[in-house]
Amino acid sequence: MAVAAAVHGGYLPSKFRSISQKTVSQSKPTPPPLFISTNPNDVIPNHLKNLYSLCNHSCHRFPKLNSEGRVEPVDLNKLQKALRHSYVVVSVFTRPDFVPGLVPELAPSLTGIGGDWIGKVVPVTPGNGELVGFGRAVSDSGLTAAIYDVMVIPSLRRRGIGRKIVQRMIRILANRDIYDIAALCSDQEKPFFTACGFGDDILASTTMMYTRSASADSEGANSLDILNQHRGKLWKNQVLNAC
């Protein structure tokens, strides 16, 4: 009874207060205000290229790494083609002031006469927001689909944004009567996709990648060797940590 009265009155005994503080400290940070778009036209290719760079994410199965373990920049022309031919594109935007390290003069201004409070009440849109998350799916439009390139800007990971991206893609695919959905991921990414509802293939199938390239053939080398050299470094840098 005393405990109930104390809680109702706005006070907690010390032992309950410590439990409450511990629970709050262990909870995940809440995501900032978001706008989730499924319109490919909302994605500016140059901005998406910058997101790939910030996430150190590569589109290639055999990426080139520099001495710092950074992947080579994505080819803008190929990225534009990939966007045009993707079956589902999901992009996530938030207000620039929620993106740590964003250069203020590059952020869209929403202050004006009313002060910066206007920017806090105006809904986030692709026009006034910053691209902070992305994912896409390719499909034959009838039977199967595969999810690629799910990424979230490092400063906003572990806030559930990555899961929102995957859930939105799955919802769209399921509404189009496509249920055979795969996700190409590394061992490090498996926990993320497991949390999003993915599991091992009941047919025990595995993804096999074609390991020869034109340059490797001309040099008399198998690009599988290149893959084995770089796979460890690459996937450590591409862990989403976005659940």
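Student: Why is K190 called partly exposed?
Tutor: This is a predicted model, and its relative accessible areas are computed. K190 has a relative accessible area of 41%. Buried needs under 20% and exposed needs over 50%. A value of 41% falls in between, so K190 is partly exposed.

Student: What makes K190 and D187 a salt bridge?
Tutor: The closest N and O atoms of K190 and D187 are 3.7 Å apart. The cut-off is 4 Å, from a side-chain nitrogen of Lys or Arg to a carboxyl oxygen of Asp or Glu. The pair is within that limit, so K190 and D187 count.

Student: Is D187 buried or exposed, and how do you know?
Tutor: D187 has 59% relative accessibility. Exposed means over 50%, so D187 is exposed.

Student: How many salt bridges does the rule give?
Tutor: The count comes to three. One of them joins the side chains of R95 and D97, at 3.7 Å from N to O. R95 is buried at 8%, whereas D97 is exposed at 56%. Another joins R136 and D149, with N to O at 2.8 Å.

Student: Why does the pair of R136 and D149 tie parts together?
Tutor: R136 lies in strand β3 and D149 in strand β4, which spans residues 144-152. The pair therefore ties together parts that are 13 residues apart in sequence.

Student: What makes R136 and D149 buried?
Tutor: The limit is under 20%. R136 has 14% relative accessibility, so R136 passes. D149 has 7%, so D149 passes too.

Student: How many aromatic pairs does the structure hold?
Tutor: The structure holds three. One of these is the pair of Y52 and F134, with ring centres 6.5 Å apart and planes at 50 degrees.

Student: Why is the pair of Y52 and F134 called tilted?
Tutor: Stacked needs planes under 30 degrees apart, and edge-to-face needs over 60. The planes of Y52 and F134 are at 50 degrees, so the pair is tilted.

Student: What does the pair of Y52 and F134 tie together?
Tutor: Y52 lies in helix α3, residues 45-54, and F134 in strand β3, residues 130-139. The pair thus ties together parts that are 82 residues apart in sequence. Y52 is buried at 2%. F134 is buried at 1%.

Student: Why is the pair of F193 and F198 called edge-to-face?
Tutor: The ring centres of F193 and F198 are 5.6 Å apart, with planes at 90 degrees. F193 is buried at 5%. F198 has 17%, which is under 20%, so F198 is buried as well.

Student: Which residues do ring pairs link into a cluster?
Tutor: The cluster links F192, F193 and F198.

Student: How do you know that the charged end of R176 sits over the ring of Y87?
Tutor: The charged end of R176 is 4.8 Å from the centre of the Y87 ring. The distance limit is 6 Å, and the charge must also lie within 35 degrees of the ring normal. R176 is listed as sitting over the ring of Y87.

Student: How many disulfides does the structure hold?
Tutor: The structure holds zero. A disulfide needs a pair of cysteine sulfur atoms within 2.5 Å.

Student: What are the relative accessibilities of C55 and C185?
Tutor: C55 has 4%, under the 20% limit, so C55 is buried. C185 has 27%, between 20% and 50%, so C185 is partly exposed.

Technical notes:
Residues numbered from 1 in each chain as written. Predicted model: local features only at pLDDT ≥ 70, side-chain atom pairs only at ≥ 80, totals over all residues. Heavy atoms only, no water. Phe/Tyr/Trp six-rings, centres within 6.5 Å; stacked < 30°, edge-to-face > 60°. Helix = DSSP H or I, 4+ residues; strand = E, 2+ residues; numbered from the N terminus. Buried < 20%, exposed > 50% of the residue type's maximum accessible area, 1.4 Å probe, protein only.
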